[in-house]
Amino acid sequence: MELVSENRVFGGRHLRYTHQSEATKCAMTFAVFLPPFASKDKPVPVLYWLSGLTCNDQNFMQKAGAMKLAAELGLAIVAPDTSPRGEGVPDDKDGAYDFGVGAGFYVNATQAPWDEHYHMYDYITDELPRVVEANLPVTRERAISGHSMGGHGALVIGLRNPNHYVSVSAFSPISNPIDCPWGQKALGQYLGDDKSQWEHYDASALMADKTHAVPLLVEQGTSDEFLQDQLKPQALVHAAQKSGTQLTLNMHEGYDHSYFFIASFIEEHIAFHAGHLGLI
């Protein structure tokens, strides 16, 4: 890993690293918050945060207001980028914000030209934790959360890997990508026309298929401009009812899709994960 920058914050450290990724075959950047006193002799558990469309490793760290409580509780936060980037990495030919660079959707692409670099699922679930745990003072205890496209990623990854994460949460997730324009565009191009493959990356489809024991918490604003057409949280509710999975969905009157919404409720999510990680 190569250290890009370091900042002192709430007694801890905000760090940015780059490394050459085996999964995405390009240089990847990620940010880390290490709480005070995190050390080789006293490693701390990690919350992985997955950001949404157009974002990178810095949006959450700079806007969410999560680090003060994380510092107090002794929780590390790791925020990766949202897609491969750099020379040779293909992008949407029309420069659209909802596909290509900045919009990896946390899947393993199977269709050319995306299949060479766009393996964000493997990067998040396997490579990034290995790199973090080998080089930083953290334990193998993990939780995962995210926003919008990242909320979709957190739910899918948490549901598919229940032994790797003690808890899962999401803000304004793309809950049923098989049935929304963002998801249909991304999954269709990354994975092809076989919609049975799409189901592996659809939280509602995964949840409806069987009962899941991992604790699940979702926040959604009622004034979110993407609520009806793109996010569809009721699909999660119906899936949870079908499988008997316990899901907490909190609807918040008047809140939108922005980081103002995330900042308003992020401490509840930090405490939720900290509780399941044994910090509270």
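Guide: Buried here means under 20% relative accessible area, exposed means over 50%, and partly exposed lies in between (1.4 Å probe, protein chains only). The model is predicted, so local features require pLDDT of at least 70 and side-chain atom pairs count only at pLDDT 80 or more, whereas totals for chains, interfaces and linings use all residues. Residues are numbered from 1 along each chain as its sequence is written, and side-chain values use heavy atoms, with hydrogens and water left out.

Across the whole structure, the search finds 14 aromatic pairs. Rings of Phe, Tyr and Trp (its six-membered ring) pair if their centres lie within 6.5 Å; planes under 30 degrees apart are stacked, those over 60 edge-to-face, and the rest tilted. Tryptophan 49 and phenylalanine 171 form a tilted pair, because their ring centres are 6.1 Å apart and their planes stand at 55 degrees. Since tryptophan 49 belongs to strand E4 (residues 44-50) and phenylalanine 171 to strand E7 (residues 168-171), this pair ties together parts 122 residues apart in sequence. Helices (H or I, at least four residues) and strands (E, at least two) are DSSP runs, numbered from the N terminus. Phenylalanine 171 also counts as buried, at 0% relative accessibility.

Tyrosine 255 and phenylalanine 265 make an edge-to-face pair, 5.1 Å centre to centre with 70 degrees between the planes. Tyrosine 255 lies in the loop between strand E9 (248-252) and helix H10 (259-276), while phenylalanine 265, 10 residues apart from it, lies in helix H10. Tyrosine 255 is partly exposed at 30% relative accessibility, whereas phenylalanine 265 is buried at 13%. Ring pairs join both of these residues to Trp49, Phe60, Phe171 and Phe261 in a cluster.

Arginine 160 accompanies two further rings. Its charged end sits over the ring of tyrosine 121, 4.3 Å from the centre, and arginine 160 also lies over the face of tyrosine 201, at 5.0 Å from the ring centre. The criterion is NZ of Lys or CZ of Arg within 6 Å of the ring centre and within 35 degrees of the ring normal.

In the largest, of 63 residues, Phe30, Phe105, Ile124, Ile144 and Tyr190 touch the most other members. Phe171 belongs to a second, separate core of 25 residues.

Notes:
A nonpolar core is a set of buried Ala, Val, Leu, Ile, Met, Phe, Trp, Tyr and Cys residues joined through side-chain atoms within 4.5 Å.
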